[in-house]
Amino acid sequence: MKLLFVCTGNICRSPMAEGLVNSICIKNKYKNIYCDSAGLFNYHIGNSPDNRAIEISKKYNVEIRNLRARKINMKDFDKFDLIIGMDKGHIVNLKKINNKRNNIKLYLDFTKNFKNEDVLDPYYGSIMDFEKTFQLIKIGAKAIVEKYKC
């Protein structure tokens with residue numbers, strides 16, 4: 001299963017999701033899930049994740065500092081089984097980019113208790129906002145891995 005996590009600039013939420021899903025898969029030796037992340041916009045292409053995202057992820061033994069921001073492209077819609085937006089605005093924008101595909105999903109829709117909810121952007125907030133976002137992403141990551149593991 002090939003998953004692409006998408007947020008606004010690919011430096012906060014989507015790299016944390018990528019890192020968490022990869023970490024869970026490595027820890028449990030699941031080899032059937034491949035994931036990547038991208039942004040809707042080219043604000044940060046080539047940059048590392050936000051330092052606060054790196055710090056919070058590292059606190060939980062999730063390494064994301066080597067990831068680099070990139071913008072989603074049309075080939076991604078064919079390359080990945082699922083394109084997973086972190087909030088409803090991302091879903092709207094992803095469908096504008098490619099409304100012919102039925103592989104666009106909202107991140108928290110994989111969970112039991114947070115369906116149809118957004119993972120809020122911590123970018124303009126504090127380290128505590130990144131902590132809250134990380135914990136919500138962790139709930140989603142566990143649900144996604146549980147659904148697609150082999």
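Helix α4 (residues 88–97) lies across β1, β3 and β4 and runs at about 170° to β4. The model is predicted: local features need pLDDT of at least 70, side-chain atom pairs count only at pLDDT 80 or more, and totals for chains, interfaces and linings use all residues. Residues are numbered from 1 along each chain as its sequence is written, and side-chain values use heavy atoms, with hydrogens and water left out. Helices (H or I, at least four residues) and strands (E, at least two) are DSSP runs, numbered from the N terminus. Angles run from 0 to 180 degrees between N-to-C directions, and axes are lines fitted to C-alpha atoms, for helices over the stretch in contact.

**The sheet**

- Four strands form an open sheet in the order β2-β1-β3-β4, with parallel pairing; two strands pair if DSSP finds at least two bridges between them.
- At the edges are β2 (34–39) and β4, each of which pairs on one side only.
- On average, neighbouring strands of this sheet are turned by 30° against each other, direction ignored.

**Strand β1 and its partners**

- Strand β1 is largely enclosed by the rest of the structure, because five of its six residues are buried (buried means under 20% relative accessible area, exposed over 50%, and partly exposed in between, with a 1.4 Å probe and protein chains only).
- Six bridges pair β1 with β2 in the parallel sense.
- Leu4 has Asp36 as its bridge partner in β2, and Leu4 also stands opposite Ile83 in β3.
- Strand β1 (residues 2–7) is joined to β3 by four bridges, and the two run parallel.
- Phe5 stands opposite Ile84 in β3.

**Strand β3**

- Strand β3 (residues 82–85) is covered on both faces: Leu82 and Ile84 are buried on one side, and Ile83 and Gly85 are buried on the other.
- Three bridges link β3 to strand β4 (residues 104–106), and these strands run parallel.
- Gly85 is placed opposite Leu106 in β4.

**Helices α2 and α5**

- Helix α2 (residues 51–59) packs against helix α5 (residues 127–148) at an angle of about 55°, with the axes 9 Å apart.
- That angle makes α2 oblique to α5; angles under 35 degrees count as roughly parallel, over 145 as roughly antiparallel, 65 to 115 as roughly perpendicular and the rest as oblique.
- The residues Arg52, Ala53, Glu55, Ile56, Ser57 and Lys59 in α2 meet Ile127, Phe130, Glu131 and Phe134 in α5; contact means heavy atoms within 4.5 Å.
- By class, this contact of α2 with α5 has five nonpolar, one polar and four charged residues (Ala, Val, Leu, Ile, Met, Phe, Trp, Tyr, Cys and Pro count as nonpolar, Asp, Glu, Lys and Arg as charged, and the others, Gly among them, as polar).

**Two loop residues**

- His44 lies in the loop between β2 and α2, and it counts as buried because its relative accessibility is 17%.
- Not counting residues up to four places away in sequence, His44 touches Gly9, Ile11, Ala69 and Tyr123.
- Arg68 is found in the loop between α2 and α3 (76–79); with a relative accessible area of 44%, Arg68 is partly exposed.
- Arg68 is in contact with Asn10, Gly46, Asn47 and Ser48, leaving aside its neighbours within four places in sequence.
- From C-alpha to C-alpha, Arg68 and Ile83 are 18 Å apart in space, and they are 15 residues apart in sequence.
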